[in-house]
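Work through the exercises below with the structure open beside you, and try each task before you read its solution.

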Amino acid sequence: MPRRVAVVGAGILGMACARFLQRDGHAVTVIDPREPGDGASFGNAGVIANCDVAPLSMPGVLRRVPGMLLDPSGPLVLRWRYLPKIAPWLLAFLEASRRSEEIAAALAPLLAGARPAYDALLREAGAADLIRDTGWLKLFSTERALRQMDEQCRLMRRHGIRFEALDAPGIRRLEPGLAPIFTRALFFPDCAQVVNPKRLVAALAGAFAADGGEIARERATGFDLGGGRRAVVTEASRHPADAVVLAAGAWSRPLAALLGARVPLDTERGYHAMFPSAEPGLARPALWWDEAINLVPMEHGLRLTSGVEFAGLEAPPDYRRIDRLARRARAMLPSLAPEPQSRWLGFRPSLPDSLPVLGPSAHHEGVYFAFGHQHLGLTLGAISGRIVADLVAGRDPGIALAPYRAERWNGG
């Protein structure tokens, strides 16, 4: 039966939820103070990384953390004033490294459904051209770096992830514009690329609005769940609903707490630099593993993404590291312009175990969660939206949701 549904969040998760719910005939309102796709969805790497079954916290990660923190161009930056706040998250992250097999098994079914879920959404939005089946190339300039992937490769093989090992001539056949510094690579043919993540979210929002959906540019501040009624309360108004979906990305933690879900959500700040298109350029996303430099060809230029900064939501941007990497990236792609055209900072909503919070609230009937997808937000956006719509409709989503429950953090 059609219902009124309020979705908090207009990033890729929120808009995918809204669109799948709308396909089921529900009257949907999306609530967010920003334009659709203006958060983390705007500036991500654009890779549908359905190969990334290995969690971020793998066995042995503790040994590598000090070196990463001491390297000014390394993949991990911690602003020391933020250490007291992030310390519990980091401890839980290290603890999760003991459960890599279990976490990979939980990620695998979500990743397997990632691309089919997008196909359905983008056909209807007239935006199927935004995803290209390019594959993803991970490059290694040292044997030592390749060996660090051994455990991840084992997990990927166990879960049926296809990849091909390439030598230097094989790399050159795929990407002749790369500098001849790479001796080994892994190529993931089933990964895909979104050539403009912002335009993807805008396309979903446009189709949603054209079919009668409402987008309220308001900031959610709480919920009214008393007396059998439900509503999202904002700074400006109140939105009654039969069902509520929380998909507010990095801003989900305080709202989830109001719904009885106390989760250790924090922010992995991510930077990018945009360059003009190069010639010769790249035909697909290419990650220089040793240097944590990911170069992605997009319809509006070449995007460089890299690493993680822990500093919360309020600290101002610090572009020094991305600027150093931008200079270093010319050693990877010699045709790259000397300076980027623009730089950007976004906020990945991340949980220590690399799994999202996805599924129904344990405390409030008719409330659903879809947040905390960390580096896989774009990858898992559509499949998560489909799962939420299944739950609202009372359908079996076909995936066991217990690993993603919010209560996993307090023994529930």
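A residue counts as buried when its relative accessible area is under 20%, as exposed when that area is over 50%, and as partly exposed in between. The model used here is a predicted one.

**Exercise 1.** Work out which strands pair with strand β8, and whether β8 is enclosed or open.

*Solution.* Begin with strand β6 (residues 136–140), which pairs with β8 in the antiparallel sense over 5 bridges; within this pairing, leucine 139 has alanine 185 as its bridge partner. Turn next to strand β7 (residues 164–167), which also runs antiparallel to β8 and is joined to it by 4 bridges, with glutamate 164 bridged to phenylalanine 187. Finally, 4 of the 5 residues of β8 (residues 184–188) are buried, so the strand is largely enclosed by the rest of the structure.

**Exercise 2.** Classify the aromatic pair of phenylalanine 163 and phenylalanine 188, and state which parts of the chain the pair ties together.

*Solution.* Phenylalanine 163 belongs to the loop between α8 (150–158) and β7, whereas phenylalanine 188 belongs to strand β8, so the pair ties together parts 25 residues apart in sequence. Both phenylalanine 163 and phenylalanine 188 are buried.

Notes: Residues are numbered from 1 along each chain as its sequence is written. This is a predicted model: local features need pLDDT of at least 70, side-chain atom pairs count only at pLDDT 80 or more; totals for chains, interfaces and linings use all residues. Side-chain values use heavy atoms; hydrogens and water are left out. Buried means under 20% relative accessible area, exposed over 50%, partly exposed in between (1.4 Å probe, protein chains only). Helices (H or I, at least four residues) and strands (E, at least two) are DSSP runs, numbered from the N terminus. Two strands pair if DSSP finds at least two bridges between them. Rings of Phe, Tyr and Trp (its six-membered ring) pair if their centres lie within 6.5 Å; planes under 30 degrees apart count as stacked, over 60 as edge-to-face and the rest as tilted.
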